[in-house]
Amino acid sequence: MSDLLLLVIYCALLGSGVGFLAGLLGIGGGLVIVPILSSILLHFEVLPSEQVVVAAIATSLASILFTSTSSAIAHHKNGNVPWEIAPWIMTGVALGALVSGFMAALLPELVVRMVFAVSVVLIALKMFLSSKNESPKERQLPHKGLLTILTTITGGLSAMIGIGGGALLVPLLTFFSLDMKKAIGCASACGIVIALFGSIGYISSGSSHFSLDDGFAGFVYLPALLGIVSTSWFTAPMGAKSTQTLPVPTIKKIFAVLLLAMAVNMMSN
């Protein structure tokens, strides 16, 4: 079996788990994809270590475009996408993701790695603590203009670290007392926007670094993308369906544990 085919199979296995988690938690899957795909690319010597994280982040975003679409369709069918506020949130995350994608080539690999790790640790701690609070303080969603500004920052950071946005959007929206299931549904829909605009930035900024002949579209590694989306598209609706039956505190704890595990993995590499 060729190394390229084996790489695609590994990525397909990764995609099956990522898709389920994307549907369940609205995270797009980047938190899982980035560290594991980095290891896969290093194992098969696709790239040197100083370039592998940016390629993993770009490929993660491209795969999230498909995974989040599948997840968002399922959440929409379950009535979990709050369309009255979603357009304002999508506008913000689109702007942030586009700018962040174009900045990718300018950021040192160590900076990207540390931003990823620190961000997810803080999010995990907040999510785990909130899962213990059965009666959180009621807060109103901010004015739609302010909400767009907040989500611009969220979208930029999400694209920078290669995640669909749920890891940042879900805690933000639940902080303002939006129902957890609707926050996850909204994050799934916004993941499409973050992935689209972030991918445009990564493909454009990486076009001078990598060649299509080598399997790259900008910073996106196409064989890995193929493997991930070949399974994640089908497992994402299964995860979305699970949000209808799992209790909210359980979902939050799963979210927190996942984030901490990924942060430790990223800092240890």
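Biologist: Which residues lie nearest the centre of the second largest pocket?

Modeller: This is a predicted model, in which local features need pLDDT of at least 70, side-chain atom pairs count only at pLDDT 80 or more, and totals for chains, interfaces and linings use all residues. Residues are numbered from 1 along each chain as its sequence is written, and side-chain values use heavy atoms, with hydrogens and water left out. On a 1 Å grid over the protein atoms alone, a cavity is a set of points where a 1.4 Å probe fits but cannot get out, while a pocket is an open set with protein on both sides within 12 Å along at least five of seven lines, and lining residues have an atom within 4 Å of a point. The second largest pocket has 11 lining residues, and nearest its centre are Ile123, Thr154, Leu168, Pro171 and Leu172.

Biologist: What is the volume of the second largest pocket?

Modeller: Grid points are joined across faces, edges and corners, and the volume is the space filled by probe spheres set on the points. For the second largest pocket this comes to about 190 Å³.

Biologist: Which element gives the largest share of the lining of the second largest pocket?

Modeller: Helices (H or I, at least four residues) and strands (E, at least two) are DSSP runs, numbered from the N terminus. Two or more lining residues come from each of α5 (109-131), α6 (144-160) and α7 (166-175). The largest share, five residues, is that of α7.

Biologist: How many residues in the lining of the second largest pocket are nonpolar?

Modeller: Ala, Val, Leu, Ile, Met, Phe, Trp, Tyr, Cys and Pro count as nonpolar, Asp, Glu, Lys and Arg as charged, and the others, Gly among them, as polar. By class, the lining has one polar residue, one charged residue and, as nonpolar residues, nine.

Biologist: How many helices and strands does the protein have?

Modeller: Along the sequence the pattern reads α-α-α-α-α-α-α-α-β-β-α-α. The count is 10 helices and two strands.

Biologist: Is Glu45 buried or exposed?

Modeller: Glu45 sits in the loop between α2 (30-43) and α3 (49-77). Although not a glycine, Glu45 has a positive phi of about 55 degrees. Buried means under 20% relative accessible area, exposed over 50%, and partly exposed in between (1.4 Å probe, protein chains only). At 69% relative accessibility, Glu45 is therefore exposed.

Biologist: What is the geometry of the Phe175 and Phe176 ring pair?

Modeller: Rings of Phe, Tyr and Trp (its six-membered ring) pair if their centres lie within 6.5 Å; planes under 30 degrees apart count as stacked, over 60 as edge-to-face and the rest as tilted. Phe175 is partly exposed at a relative accessible area of 32%, whereas Phe176 is buried at 15%. Their ring centres are 5.1 Å apart and their planes are at 80 degrees, so the pair is edge-to-face.

Biologist: Which residues do ring pairs link into a cluster?

Modeller: The rule gives six aromatic pairs. In one of them, Phe210 and Phe219 have ring centres 5.7 Å apart and planes at 70 degrees, so that pair is edge-to-face. Both Phe210 and Phe219 are buried. The cluster linked by ring pairs consists of Tyr202, Phe210, Phe216, Phe219 and Tyr221.

Biologist: Which residues does Phe216 touch, not counting those up to four places away in sequence?

Modeller: Phe216 is in strand β1 (residues 216-217) and is buried at 5% relative accessibility. Contact means heavy atoms within 4.5 Å. With residues up to four places away in sequence left out, Phe216 touches Val46, Leu47, Ala55, Phe210, Ser211, Tyr221 and Leu222.
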